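Here's a quick briefing to keep beside the viewer.

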Amino acid sequence: MTDSSVIPPSNRSPLKLTFLAPPVGYYAIFFIAPLAFLVVLGFWIVRDYQIVAEFSVGNYIDIFSQFFSRSRFGWALVQSIYVAVTTSVFAVIFCYFLAMGIVFCVPERYQRLFLVLAILPFWSSYILRLFAWQLILAQKGVLNYVLGGLGLDDPLIITNTQIGTRIGLIHYLAPILIIILYITLINVNRNLIEAARELGATRLQAFWRVIVPLSRLGLTFAFGFGVIVSFGDVLSGMLVGGGIGQSWLGSYPLYSNMIMADYNSYTNLPRTAALATVMVLIMVVMLVVAYRMADRARQRLA
Amino acid sequence: MKSSHEPKNSDLTGPRVNRRTLLKGGAAAAGVAAAGSLTIFSRTARAADTLRVLCWPGYEEKDVIQEFEDTHGVNVEFKIYIGGEQMLQFFNQTPRGTYDNVLADAEYIRKLAAIDAVEPYNPGEVPELANYHPKFNNMHQVQAGDGMVWGTPTRFSFYAISYNSDHMSFEESGDWNSLFLPKFEGKIGIFDWYLPNMGNASLAVHPNKENPYDLTDEQLGAVRDWLLRLRPQVNMFGSGAQAIVQAMINGDVVAGMIGDLDIDLKLAGYTNMESTIPVQGGIRWQEVATLCKQSENKELALEWIKYMSQAHVQAKLAYTKAFKARGPNLKIAEHWTEEQNQLLGYYPDPNNPGQMWVETLIDRSVGRDLPVQQDEKVWIDIFNEFKTG
Amino acid sequence: MANESASAVAGGTVADLEARGIAKRFGSVVAIERVDLDVRRGEFVAIMGPSGCGKTTLLRIIAGLERADAGTLLLRGEDIGDVPVHRRSTRLIWQDYSLFPFLNVRKNIEFGLTLRRHDKKAVRTKVEAVAELVHLDHLLSRRIGQLSGGEKQRVAIARALVTEPEILLLDEPLSSLDAHLRIKVQSELTVLQRELGISFIYVTHNQSEAFAMADRVVVMNKGVVEQTGRPAEIYNRPETHFVAEFVGANNIFEGRVSDTAAGTVVVDCSHGTVQIAGHGNRIDRGAAIELVVQADKLRRRLDGEDGLNTIRAVLKGREFTGSQVIYYLETAQGVEVKMVLQEPFTEGEGTEINSELELCWAPEDTVILGHRDARQP
């Protein structure tokens, strides 16, 4: 299908090329080139604190030789995937109900206002928000102060655990997920909800059997987005999660944190690049899975 | 990396990347690392009366540099970095000769020398060294051989225990082993960098060792065991001072190997925050002003080094808006208020007549260095094991 | 509903649905002012009216999708005004069918049966039986997106019927089908309704659909019922100005009663006098009334014909529709006149555009509108 003769003449218009150039250039400059360089860099070595363009798989041998022992990059990776997936699940559920509240409970002319309120955090600094969460969730923080006032003696330990990481991440994801899910829900054909009700469905049945299936594409998209962004984030795990946040898997840092620490302490950019390449590879896998899930959801609605 | 502090002739070690590939590498790294100021220096556009300095924050503050600019009728441009690795990236991203001075942590001089970035000079050029604490005149990190030095120390402070005195007593703070007390389980914070922490751990295991970074594999194994034993006490690996400061205020962390964060906390009214160096010893960080080998302005660059060695300049440099530290020139105390001297330890030590408290701390502490007998990767991997343990 | 007693409608005498004094407003907009409606078991009732007349709102109130502001709603004698939508035994066929796109045909049909505890085998049997009834048995595993319009409609009907509703409500179900399919489905629906013996309430704005299928037609306008009756009654004897305008091709003349002697009412209209025969009601002399003459009752007056109402008008245009020709004329006083003939005039009879013709109709074919629509000045 790459044969240019197959393309009808109208598709070869110079105007089309003109308009195609910026996006292609954009991806080439800001996405493909740095990514390609990152991958290549991972196969180079460092000698006397200088990068040497000498092909070697040493970095990967090194990384995978201590994947589940010593540096335990693998456990950090498992922790990251676990936190990213669970964060995204909670974030999607939370934002789905919030978006549903806006779509189904707020009069139409106020919906825009509610939407703006819901995405307001988007305009404040992410780092400041994380510090604020640290302040709220700490053992002697605002939350425990309030709970203590209510007679709860043992403070809730949230900061320096992956629960804290998730809270920071959910706050980060929420504005975007709310928009995605709001658009999803506002486009749910109300007639289909009424049709289900009319056929005998309770409100709850109409939700599970009509609204949820019709939201599948949006939910999949929001979930995939949430997983990939959470997986790539380093700040929430560092500031609210305390760097080595406890989860039921154990007190492992996130993989992104390991990369940052490697970058900050080791004069060996190729190894850091190799670590990052592993992360990018997993993100690509996540993207492919999310894309296939979304495709399936789209087909079901076709 | 062997124990040699001499710059190696890298031409003996196989094909080197040319400057262009290095630049590309630097650009990619910048993309990965993000942080840092956005100043872009153009080599051709520089004026003859301009000095360019790559440094940690603080040096660029008007209070600190104004006098130098006025005296010499020049303009000083600063590129600010955070962390030694970022410093190396920034240096490698620009053509040689862009910077006249690099202000580096003492242990990074070895790396700068290895990439042929700095030039030794005669310490006799810097008369103020006479007023320095002797330990800063004998730093092995800056010795370039033949009586020459790679740089002059300008600012320092300590990397030992910070603690909340409501939870840890003064006596407890004087012993690294106090970190293992059951009451501190899940209450210890660690600064997320292998170098100072492993130095401290090394001193805890090998008290008052002259160079805690010069360990045999067996000695290093003991440090590893000590760290792994400490791990259950730790609940936080802080990426920066701000996160740890807040954790100490919040009560999530009551003590940690996180340096003298108490200075800023005290200034903010948290009088229950203290720091000290345990009797086994602790790590000291020290910034050193170096001369760039490819500088076209070496005379002026040397003038800047001399300028930074003066007590009244260090008095300002160690007390910037960015953060508080200490100066190696002991005359600094004459330029500070009583309050500042109290805060930073420039007052007589009651137990050691004839010397200041800060001198006692300097005596107890050891300058941060790179691992001597092992590759830094071996140490980093042990630290990762500690972190992920 | 004066004509109800006269109509020999199909179905039994048991009331399936009785709506009394139903009213509904949305904010300040009155959707239904006040409506009474009776449907006997097995009856096919069409509710007809222009968009915005309240017919769909009425259907939604019966289905339980809207709550009436006032009035009572009895289904087989039981008040269902407070029964929530999902517990009602009426079923609605939606204008756009509202099939679930993420389910296949079988899952769509069985939807209503699987909402409560159910026996899977029984559901299967029922679904297959109803699919056979509407000729869908070969399409059960298809996706909705793969169906044609007619097939979608059959799925919608099957999905409703499988739940064994007491009344089937249909909201313009043919409007998204193309013309030839519409005729076919019309007859299928009628047959289906007779077979099932359940009442259909059919909402439409299309009079040919209503007249073709319904036992009884209810004409609505602006939230009230204008007229109820068998299709022929509605067509031949419109009772209100609105019905006369909305149904068929009618000529409406305004006039004043000048004489009511001898069973014949004489009315002075702008173009002349009109005689009306066979009108039973008492009408006062001098009363202002409206007369309706169906366009197909008009014809050209032949020489020497007497005893007929005549009107002179100028031919302004004509429209050939295949089976008939519609002539548009205008009197000297500016009143529009329509005439429908089965065959066109033969050429050269003075029937060129702008030529004046003399038309006529029988006095018995003149209908007096019951009242002037109060809301139409």
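Domain bounds here come from an automatic or database domain assignment. On that basis chain C splits into domain 1 (2-89 + 164-236) and domain 2 (249-368), with 34 Å between the two domain centres, taken over C-alpha atoms.

This is a predicted model, so to speak of local features takes a pLDDT of at least 70 and side-chain atom pairs count only at pLDDT 80 or more, while totals for chains, interfaces and linings use all residues. Residues are numbered from 1 along each chain as its sequence is written, chains are lettered from A and ligands numbered from 1 in the order in which they are written, and side-chain values use heavy atoms, with hydrogens and water left out.

**Confidence**
- pLDDT is the predictor's confidence in each residue, from 0 to 100.
- Chain A has a mean pLDDT of 91, with 96% of its residues at 70 or more. Residues 1-5 of chain A fall below 50, and that stretch has two contacts (heavy atoms within 4.5 Å) beyond near neighbours in sequence.
- Chain B averages 87, and 88% of its residues score at least 70. Its residues 1-38 sit below 50, yet the model gives this stretch 64 contacts beyond near neighbours in sequence.

**Who touches whom**
- Two pairs of chains are in contact, and chains A and B share the most contacts.
- No contact joins chain B and chain C; their closest C-alpha atoms are 43 Å apart.

**Chain A**
- Helices (H or I, at least four residues) and strands (E, at least two) are DSSP runs, numbered from the N terminus. Chain A has twelve helices and two strands, in the order α-β-β-α-α-α-α-α-α-α-α-α-α-α from the N terminus.
- The C-alpha trace spans about 75 × 75 × 30 Å along its principal axes.
- Of its 302 residues, 50% count as buried; buried means under 20% relative accessible area, exposed over 50%, and partly exposed in between (1.4 Å probe, protein chains only).
- Areas come from the Shrake-Rupley method with a 1.4 Å probe; for residues, only the protein chains shown count as cover.

**Chain C**
- Chain C has eight helices and 20 strands, and its C-alpha atoms fill a box of roughly 80 × 45 × 40 Å along the principal axes.
- Buried residues are 51% of the 377 in chain C.
- Its accessible surface is about 17,400 Å², 47% of which belongs to carbon and sulfur atoms.
- Take contacts in chain C between residues at least 6 apart in sequence: 67% join residues at least 24 apart.

**Helix 11 of chain B**
- In helix 11 (residues 298-308) of chain B, the buried residues include Leu300(B), Trp304(B), Ile305(B) and Met308(B).
- What do the buried residues of helix 11 of chain B pack against? Their partners are strand 1 (50-55), helix 2 (62-72), strand 3 (101-105), strand 6 (151-158), strand 12 (282-291) and helix 12 (311-317) of chain B.

**Positive phi**
- Most residues other than glycine have a negative phi.
- Asp48(A) has a positive phi, near 50°, and is found in the loop between strand 1 (45-47) and strand 2 (50-52) of chain A. Its relative accessibility is 16%, so Asp48(A) counts as buried.
- Asp116(B) has a positive phi, near 60°, in the loop between helix 4 (109-114) and helix 5 (134-137) of chain B. Asp116(B) counts as partly exposed because its relative accessibility is 35%.
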